[in-house]
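Please read them with the structure open.

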Amino acid sequence: MAKINNINLINFRNFSKKKLLFDERLNIFYGKNGCGKTNILEAISLNTKGRGIRNSSIYNLIKKNEDNFLIQNNLEIKNNNLDIKIFTENKNDKYKKIIKINDDLSKESLDFLNQSLSFLIFLPEMERLFQASPSYRRNFLDRLIFSSRNDYNRLINKYKKSLLERIKILQTNNIDNDWLNNIEKEISSLGKEIYNARILQLDSLNNNLEILKKDYNFDFDVKVKMKDEYFNNQINIEKYLSNLKETRYYDKQRGGTKIGPHKSDITAIINHEFEASLLSTGQQKTVVLMILLSQCNYLINYKKINPILLFDEIGSHLDSQNRQLLLDMINRFNIQFFLTGTDKNIFSFVSTNAQFYNINNK
């Protein structure tokens, strides 16, 4: 089990200094909006690759009028105690996140940390997941994949870089066809791999929702699926390449690539009848919690990964169904939770021991 024992924030977001000791199971931060609850979750999420749960620029993580931030954690992973330092490095006005593990900057240490930590995240805007943009839903799905496959972000970034390179080639006056053909081969290979990863993830969610039906009386029958007319053609690499060539003129004029996983969407079909976008905010939240419960079950029981759950402002629209889902998740899985809400009383339904923190912005 991976767990975070404590955190020490210096010049991070709204905090000059903030020290907290954590419970190994359930931690609940409460306080007024703007007091810094989400900032603590963000600091925790920076222990792995990327820019945290809000994907903010590194510069914006530094407290105003300060030069750098420092986050110090003690993590317990596979019976190993790790002292983690996360701080900024400024080179030519470009800020970069640096992570030290027991004062070690080696790739081996960073790889161990990235392979050992997995986060599942709930953010307030997920209450309207199925009314948000397709790109937001794609990112939601990709985060689920990343929770079990820590090299997945590298695949996504490489794919996006190849798309940009292809457009640059198409918009030049003298096109190098060999170069263009090679880039399109790479795009089709990477794109097919992303499609496959997303289909496997959706299948896993659906399978685990079916498994969990034995223990839960869900309000809805939910089936998540991909929406992508191009992918539904069951294309292979050769067909993918052919279609990229056919859309070159169109893509040159539009400055984008018409086909591929960057155009996909996902939806959830409710009770075999209608899409989740027709549900109320509270009901959409129920569906999202069901999906996170399914992913949690998959990670723990099939991948042998114990994720850490970061649920921001989970207290809003917490009706009886959502309270029960959250409580069942807490009681079912022996993992570490970090929850935030505006009022301590929101979490009065929690029957297990919990550590509460009244957060202020000092």
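1. Helix α5 (residues 177–212) packs against helix α8 (residues 281–301) at an angle of about 95°, and their axes are 8 Å apart. Axes here are lines fitted to C-alpha atoms, for helices over the stretch in contact, with angles from 0 to 180 degrees between N-to-C directions. The two helices are therefore roughly perpendicular to each other (65 to 115 degrees; under 35 is roughly parallel, over 145 roughly antiparallel, and the rest oblique). Helices (H or I, at least four residues) and strands (E, at least two) are DSSP runs, numbered from the N terminus.

2. This is a predicted model, in which local features need pLDDT of at least 70 and side-chain atom pairs count only at pLDDT 80 or more, while totals for chains, interfaces and linings use all residues. Residues are numbered from 1 along each chain as its sequence is written, and side-chain values use heavy atoms, with hydrogens and water left out.

3. On the α5 side the contact with α8 is made by Q201, S204, L205, N208, L209, I211 and L212, which meet M290, I291, L293, S294, Q295, N297 and Y298. Contact means heavy atoms within 4.5 Å. By class, the α5 contact with α8 has eight nonpolar, six polar and no charged residues (nonpolar: Ala, Val, Leu, Ile, Met, Phe, Trp, Tyr, Cys and Pro; charged: Asp, Glu, Lys and Arg; polar: the others, Gly among them).

4. T286 also lies in helix α8. It is buried, with a relative accessible area of 2% (buried is under 20%, exposed over 50%, partly exposed in between, with a 1.4 Å probe and protein chains only). Neighbours within four places in sequence aside, T286 is in contact with F220, Q321, N322 and L325.

5. Which residues touch the most other members of the largest nonpolar core? They are F311 and L339, in a core of 113 residues. Such a core is a set of buried Ala, Val, Leu, Ile, Met, Phe, Trp, Tyr and Cys residues joined through side-chain atoms within 4.5 Å. Not counting residues up to four places away in sequence, F311 touches L41, L120, I121, F122, L289, L292, L326, M329, F338, L339 and T340.

6. The structure holds 12 aromatic pairs (rings of Phe, Tyr and Trp, the last by its six-membered ring, with centres within 6.5 Å; planes under 30 degrees apart are stacked, over 60 edge-to-face, the rest tilted). F22 and Y357 have ring centres 6.1 Å apart and planes at 80°, so this pair is edge-to-face. F22 is in the loop between β2 (15–21) and β3 (26–30), and Y357 in strand β13 (residues 355–358), so the pair ties together parts 335 residues apart in sequence. Both count as buried, F22 at 10% relative accessibility and Y357 at 8%.

7. F29 and F338 form a stacked pair, 6.2 Å centre to centre with 25° between the planes. F29 is in strand β3 and F338 in strand β12 (residues 337–341), so this pair ties together parts 309 residues apart in sequence. F29 is buried at 0% relative accessibility, and F338 is buried at 0%. F22, F29, F338 and Y357 form one aromatic cluster.

8. Backbone angles deserve a look. Most residues other than glycine have a negative phi. N65, in the loop between α1 (37–45) and β4 (70–77), has a positive phi near 70° and is exposed at 73% relative accessibility. H272, in the loop between β9 (265–270) and β10 (274–275), has a positive phi of about 60° and is exposed at 66%.
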